[in-house]
Amino acid sequence: MRQPIYANLVLSGGGIRGIAYSGIFSAAEKYSIYFKNIAGVSAGSIAGSFVAAGYNAREISNLMDECNFGDFKISEIANKIPAIKRLYDFSRYSRISPQDTIDRFLQVPTILNFSDSELSDFDNRGFFSNIVQYSKEGCLYDGDALEEWVHKCLKKRGIITFGDLRNGAKDKVNPKGYKMRMTAVDADRKKVIVLPDDLAFYGYDPNKFSVATAVRMSCSVPFAFKPVKLISKDSKIIHTYNIVDGGVLDNFPTWIVENTKRLPTIGFRLIGGQKKLLSLDTPLSIYKSLLMSVHDVGIPNDNVLPDYLGEVDCSSVGFLDMDLDEAQKRILFFNGKASGEKLFTKFRRVYAKKTPSLSIFNFRERIRWVK
């Protein structure tokens, strides 16, 4: 049995492809890697919360198999999401590339009637207000169902609020020692927020805030889920803030965990399948193009990659492929496991050189196996 090693962990977003994280956790168990502070966004916030709640890799894999935000018929997608028809009409007046067309569509004030003259002059500050408005008009999945599912899973392990997750390591960026933290985007303030820390700004007690609600915020991908409303009171004025998926501005929030010699940071990103040529030919292709165009639109300048970075090839599965078959799930799991084993092998080797006691332990372990 290997000597346990502790580290901090960062998990990127990636939709249904987050199933790959169960493979990474399986590799972590094999290499006796355990996590103190965990940061995640979108799918990473779901997987990270399950680890923080004490679920093992096999249990997380089973939970991910249960994940179902609701079925949809491709033939009805345009009716369910009015933004698709809006973008199609908008594209008829565009003589530029699909990507540039989408970028302009997401920035033109929604009240305009599209024409050639309006395409050349628009307010580029309308991006956030537009994605909120379009998402309110119609989305693909039920955010309530997502939140209820996460709540049910976490409650089984006694996790309801962030006060139940004060068993992490206190440091400069996590002074209260929350084991799990995640990011979302305040579309009205146009900035990334850290949950639960930044909830104090809105008048909420971070310790008493629901973890499942925070996960829903972090996962509220525009056009897939409606924004989550946070209502705060400032004197006699009531403010309403629309919170969307943290991946809109930063899909890999390494900056919310501290990287130290005592607790180095390990990060995993789900990659592949996101840079395909965008198309506006069909309602489904328009929808997928919209999803790809509202992620990582502004990476913070202080976003630094961790020393130990693993990338999981998820190119065989699309962001929207909710109806995965068993073969596709296995591919994600084993790709995650392979990436984890590769990174954890390197991590233990480097860590052993820096920690003499671990080197001695490994030597004794080898002698035991020889005997």
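Reply: Contact here means heavy atoms within 4.5 Å. Of the contacts in the protein chain with a separation of 6 or more, 75% join residues 24 or more positions apart. The model is predicted: local features need pLDDT of at least 70, side-chain atom pairs count only at pLDDT 80 or more, and totals for chains, interfaces and linings use all residues. Residues are numbered from 1 along each chain as its sequence is written, and side-chain values use heavy atoms, with hydrogens and water left out.

The chain has 13 helices and 8 strands; these are DSSP runs numbered from the N terminus, helices being H or I of at least four residues and strands E of at least two. Of its 371 residues, 51% are buried, that is, under 20% relative accessible area with a 1.4 Å probe, counting protein chains only.

A nonpolar core is a set of buried Ala, Val, Leu, Ile, Met, Phe, Trp, Tyr and Cys residues joined through side-chain atoms within 4.5 Å. The largest such core has 102 residues, and Phe25, Phe35, Phe223, Ile266 and Phe344 have the most contacts inside it. Helix 1 (residues 20–30) gives the most to this core, with 6 residues. Apart from this core lies another, of 6 residues, including Ala39, Val194, Phe252 and Ile256.

Phe344 illustrates the packing in the largest core. Leaving out residues up to four places away in sequence, Phe344 touches Ile24, Ala27, Ala28, Tyr31, Ile33, Phe35, Ile266 and Phe268. Two of these partners, Phe35 and Ile266, are themselves among the residues with the most contacts inside the core.

Terms used:
Buried means under 20% relative accessible area, exposed over 50%, partly exposed in between (1.4 Å probe, protein chains only).
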